[in-house]
Amino acid sequence: MPVVIGFEGSANKIGVGIIRDGEVLSNPRRTYITPPGQGFLPGETAKHHRGVILTVLQEALDEAGLKAADIDCVAYTKGPGMGAPLVTVAIVARTVAQLWGKPLLGVNHCIGHIEMGRLITNAQNPTVLYVSGGNTQVIAYSERRYRIFGETIDIAVGNCLDRLARVIKISNDPSPGYNIEQMAKKGNKYIELPYTVKGMDVSFSGILSYIEDAAHKLLSTGQCTPEDLCFSLQETLFAMLVEITERAMAHCGSQEVLIVGGVGCNLRLQEMMGVMCKERGARLFATDERFCIDNGVMIAQAGWEMFRSGHVTELSDSWITQRLPEN
């Protein structure tokens, strides 16, 4: 039963997790939070990660009750993600692997989300909706490979939500998406927004442009409230995602849906997907914020699967990439 430690830091979360044969031993995490109306820049995010990563590493070891000698493999996020934060994590992982004399494994961030979701929910062969700040994809396992059946052709769904938060100055603590979800619960007026599904793909940039142009007028004239905007955006975005997920299920003959990624924590998205699954006689699987938001143990789990299959990343190949093929 190999013990794998995983380092994740592809965006504004920095996490270190340890797993042993499907058992989560520890999973501490920190989040870089910016003021309302602002996003997070790669350089500043990397600086935050550098300042806390060794503390988080020690927390992970202490929570697991392990020492360096107990670790069999060091896994890290190779990509995709933001360049500067990824480099920060890769350097630490490389250093730790060499200091401890352990093999190193570069992990696909997207596969980490999926493998963690499958582990926690015990989904067997699901159609996967992967939704986060940087990625939006419908993925299914076909012919012994993960294959992308549909995706965003411009920005990710999480990025669209984050940008609304900036427009109407919603707090980034604990996350803009969470705060939008809470405000949407109080909205009761639906504002019609662009709905763009192109085959198996979706487009969110038109919705975002419309809201950025119209938000001030709609709010200042009393045509709607900030809560109504949050409600309307969620309903529109999630309806698009449910549509392409159902289409992928029909194509694959799948009776399971697994939602992963940070936006996957959204209970309204889970509710809407659950209605579709019920109508098809299918099952819905999702996780809570411990595992759907970027975390170290998801990288450890994917690394555990790879290590068990005989994979190792040579030091000369332990680079990072902001755009890593997901299929």
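The sulfur of Cys 230 has its closest cysteine sulfur in Cys 224, 9.7 Å away, which is too far for a bond. A disulfide here is a pair of cysteine sulfur atoms within 2.5 Å. Cys 230 counts as buried, at 0% relative accessibility. Buried means under 20% relative accessible area, exposed means over 50%, and partly exposed lies in between (1.4 Å probe, protein chains only).

This is a predicted model, in which local features need pLDDT of at least 70 and side-chain atom pairs count only at pLDDT 80 or more, while totals for chains, interfaces and linings use all residues. Residues are numbered from 1 along each chain as its sequence is written, and side-chain values use heavy atoms, with hydrogens and water left out.

**The disulfide**

How many disulfides does a search of the whole structure find? It finds one. A disulfide is a covalent bond between the sulfur atoms of two cysteines. Here Cys 265 is joined to Cys 292, with an S to S distance of 1.9 Å. The torsion about their S-S bond is about 65°, so the disulfide is right-handed. Cys 265 sits in the loop between strand E12 (256-260) and helix H8 (267-280), and Cys 292 sits in helix H9 (residues 289-292), so the pair ties together parts that are 27 residues apart in sequence. Helices (H or I, at least four residues) and strands (E, at least two) are DSSP runs, numbered from the N terminus.

Both partners are buried: Cys 265 has a relative accessible area of 19%, and Cys 292 has 1%. Cys 73 is in no disulfide; its nearest cysteine sulfur belongs to Cys 110, 19 Å away. Cys 73 is buried too, at 0% relative accessibility.

**The chain as a whole**

The protein chain holds ten helices and 13 strands. Its radius of gyration is 20 Å, which agrees with the value near 20 Å for a compact globule of 327 residues. That radius is taken over C-alpha atoms, and the globule rule is 2.2 Å times the number of residues to the power 0.38. Along the principal axes, the C-alpha trace spans about 65 × 45 × 30 Å.

Buried residues make up 54% of the 327 residues. Among contacts between residues at least 6 apart in sequence, 76% join residues at least 24 apart. Contact means heavy atoms within 4.5 Å. The accessible surface comes to about 14,100 Å², and carbon and sulfur atoms account for 49% of it. Areas come from the Shrake-Rupley method with a 1.4 Å probe; for residues, only the protein chains shown count as cover.

The chain carries 30 positive and 35 negative charges, and their mean positions are 1 Å apart. Lys and Arg count as positive and Asp and Glu as negative; His and the chain ends are not counted. Each charge is placed at NZ of Lys, CZ of Arg, CG of Asp or CD of Glu.

**Packing inside**

Is Leu 104 buried or exposed? Leu 104 is buried, at 5% relative accessibility. This residue belongs to strand E6 (residues 104-108). Beyond its neighbours within four places in sequence, Leu 104 has contacts that include Val 74, Tyr 76, Ala 93, Val 312 and Leu 315. The C-alpha atoms of Leu 104 and Ile 5 are separated by 10.0 Å, and the two residues are 99 residues apart along the chain.

Helix H5 (residues 176-184) has buried residues as well, among them Pro 176, Ile 180 and Met 183. The buried residues of H5 pack against helix H4 (157-167), helix H7 (226-252) and H8.

**Backbone details**

Most residues other than glycine have a negative phi, and most peptide bonds are trans. The table lists the exceptions described here.

| Feature | Residues | Angle | Location |
|---|---|---|---|
| Cis peptide bond | Gly 79 and Pro 80 | omega about -5° | Pro 80: loop between strand E5 (73-79) and helix H2 (83-100) |
| Cis peptide bond | Asp 173 and Pro 174 | omega about 5° | Pro 174: loop between H4 and H5 |
| Positive phi | Asp 21 | phi near 50° | Asp 21: loop between strand E2 (13-20) and strand E3 (23-26) |
| Positive phi | Asn 122 | phi about 65° | Asn 122: loop between helix H3 (109-121) and strand E7 (127-131) |

Asp 21 is partly exposed, at 40% relative accessibility. Asn 122 counts as exposed, at 54%.
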